[in-house]
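I opened this notebook page to record what I looked up in the structure, entry by entry. The sequence and the model come before the notes.

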Amino acid sequence: MLRIQSLRLEHNLSKRDLAEKINCSQKAIDFWERGVSEPSVYFLTALADCFECTTDYILGRENDLGNINITTTLTQEEKKTLALFSKLDSREKKEVYNYAEYILSKRTNN
């Protein structure tokens with residue numbers, strides 16, 4: 001059984017949000033989640049990248065996410081920021097991202 005729906009919900013993503021992230025249709029996401037069809041290797045890899053897990057985890061072949069832990073190279077402040085960011089919904093994350101881009105653009109304009 002594919003774990004797409006459970007991963008999508010864990011990441012607080014709508015079908016539309018996920019479709020935008022991996023550049024496919026919302027209908028494809030719906031079909032994969034209902035078992036009507038299965039994602040191609042290309043989209044399976046895109047899903048694994050999006051959810052930061054292995055393709056085998058998505059396919060239900062392993063129970064370990066198999067994700068690479070990059071937080072060991074982050075400062076304590078960066079880890080706290082990521083922890084806060086992970087609690088936001090997709091709309092709020094976009095707002096934070098846009099604000100960060102705005103702050104950076106002010107730096108380059110000075």
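Is Ser37 buried, partly exposed or exposed? I found that Ser37 counts as partly exposed, because its relative accessibility is 26%, where buried means under 20% relative accessible area, exposed over 50%, and partly exposed in between, with a 1.4 Å probe and protein chains only. I placed Ser37 in the loop between helix 3 and helix 4, and I noted that, leaving aside neighbours within four places in sequence, Ser37 is in contact with Phe31 and Trp32, contact meaning heavy atoms within 4.5 Å.

Basis of the entries. I am working from a predicted model, in which local features need pLDDT of at least 70 and side-chain atom pairs count only at pLDDT 80 or more, while totals for chains, interfaces and linings use all residues. Residues are numbered from 1 along each chain as its sequence is written, and side-chain values use heavy atoms, with hydrogens and water left out.

Overall layout. I counted 7 helices and 0 strands in the protein, taking helices (H or I, at least four residues) and strands (E, at least two) as DSSP runs numbered from the N terminus. Of the 110 residues, 25% count as buried, and the protein exposes about 8200 Å², of which carbon and sulfur atoms supply 52%; these areas come from the Shrake-Rupley method with a 1.4 Å probe, and for residues only the protein chains shown count as cover. Among the contacts with a separation of 6 or more, 45% are between residues 24 or more positions apart.

Core. I then looked up the largest nonpolar core, which has 20 residues, and in which Leu18, Ile22, Cys24, Trp32, Leu47 and Ile58 touch the most other members. Such a core is a set of buried Ala, Val, Leu, Ile, Met, Phe, Trp, Tyr and Cys residues joined through side-chain atoms within 4.5 Å. Helix 1 (4–10), helix 2 (15–22), helix 3 (26–34), helix 4 (41–51) and helix 5 (55–59) each supply at least two residues of this core, and helix 4 gives the most, with 6 residues. In soluble globular proteins, nonpolar side chains tend to be buried together.

Salt bridges. I recorded Lys15 as partly exposed at 23% relative accessibility, whereas Glu33 counts as buried at 17%.

Arg34 and Asp30 form a salt bridge at 2.9 Å, N to O, and both lie in helix 3, 4 residues apart, about one turn of the helix. Salt bridges that share partners join Arg8, Lys15, Asp30, Glu33 and Arg34 into one network.

Surface patch. My last entry is a nonpolar surface patch of about 330 Å², made by Tyr99, Tyr102 and Ile103. I placed Tyr102 in helix 7 (residues 90–109) and found Tyr102 partly exposed, with a relative accessible area of 45%. Patches are made of residues with over 30% relative accessible area and no salt bridge, like charges being joined within 9 Å and nonpolar side chains (Val, Leu, Ile, Met, Phe, Trp, Tyr) within 5 Å.

How values were computed:
A salt bridge is a side-chain nitrogen of Lys or Arg within 4 Å of a carboxyl oxygen of Asp or Glu.
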